[in-house]
Amino acid sequence: MGSSSNSSKDDFSVLVLASDLGVDARPFLTHQEPEDSWYDCASDPPSSEEQDFAHLDSLQFLRLESGSDKLGNRIFRIVGKYFPALVISAERLKKYVFNKICTELPEGPFCIVYMHSTVQKEDNNPGLIILRWIYEELPPDHKDRLQAVYFVHPGLRSRLVLATLGRFFLSGGLYWKVKYVSRLQYLWDDIKKGELEIPEFVQKHDEILEHRPLTDYGIEPDPLHFSQMPPSAYSLGRHDTGWTSRQYMS
């Protein structure tokens, strides 16, 4: 056995993350800024190159709505399906979010409406850790001004991840601001209709969930819609008098 005098130099830790929980481990493998550092809109203006976000603006995955919720909080709408996770880096996303907040958000409280409808983990999910990293670098004033995060159409996977890992990966201030909204009709309890634009595919997804509620839990009772097919006496090669011979079924 070696001497214990060098044990402090050889200490290391191992962090194991499940690969199917939608958690991006990259921030754990890179250098992290101190907890008390944040972005200052006044003293850290983006360069002209960083301000070129025309392509991201055209995707409309993050935009400030003209309306407010019933408590008077201005609405930032995020459409998860529009987010290009495969082609945008975490650093680029952070700069874009801060640019939107610094240049478009007026004074006063605001909220976020995040639409998770039909989001694919590989294509549209930036990762829980990256979202926490962006939130933690916001100025304290902006954190305080964020009043609520309306999570529209959360799937079973998202609920499980936030329920089991949310308190660890999200700061307490953000974790308790998340409000699950399983149907658009419940969103209208907090936001009047017409205060924000709902994409058509989100409305259609809401209708699907309304008619097939088990889809909320990752269960599709009739994915091929066999129940909607008209009955036929000749299905599967069966006649009234019995099964057809093999040669007629070839």
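**Core and helix packing in a predicted model**

Of the 250 residues in the protein chain, 38% are buried. The model is predicted, and its protein chain holds 10 helices and 7 strands. Among contacts between residues at least 6 apart in sequence, 78% join residues at least 24 apart.

**Nonpolar cores**

- The largest nonpolar core has 33 residues, of which Phe61, Phe76, Leu93, Val97, Ile134 and Leu146 touch the most other members.
- Two or more residues of this core come from each of strand 1 (62–68), helix 2 (90–104), strand 3 (110–115), helix 4 (128–136), strand 4 (146–152), helix 6 (156–169) and helix 7 (172–175).

**Surroundings of Phe76**

- Leaving aside residues up to four places away in sequence, Phe76 touches Leu62, Arg63, Leu64, Lys100, Ile101, Leu105, Phe110, Cys111, Ile112 and Val113.

**Helix 2 against helix 4**

- The axes of helix 2 and helix 4 lie 10 Å apart, and the two helices pack at an angle of about 40 degrees.
- Because of that angle, helix 2 is oblique to helix 4.
- The two helices, helix 2 and helix 4, cross in a right-handed sense.
- Helix 2 contributes Ala90, Glu91, Leu93, Lys94, Val97 and Phe98 to the contact, while helix 4 contributes Ile130, Trp133 and Ile134.
- By residue class, this contact of helix 2 with helix 4 comprises 7 nonpolar, no polar and 2 charged residues.
- Leu93, Val97 and Ile134 take part in this contact and are also among the residues that touch the most other members of the largest core.

Conventions. Residues numbered from 1 in each chain as written. Predicted model: local features only at pLDDT ≥ 70, side-chain atom pairs only at ≥ 80, totals over all residues. Heavy atoms only, no water. Core = buried A, V, L, I, M, F, W, Y, C linked by side-chain atoms within 4.5 Å. Buried < 20%, exposed > 50% of the residue type's maximum accessible area, 1.4 Å probe, protein only. Helix = DSSP H or I, 4+ residues; strand = E, 2+ residues; numbered from the N terminus. Contact = heavy atoms within 4.5 Å. Axes fitted to C-alpha atoms, helices over the stretch in contact; angles between N-to-C directions. Parallel < 35°, antiparallel > 145°, perpendicular 65-115°, else oblique. Left-handed = near helix turned anticlockwise from the far one by under 90°. Nonpolar A, V, L, I, M, F, W, Y, C, P; charged D, E, K, R; others polar.
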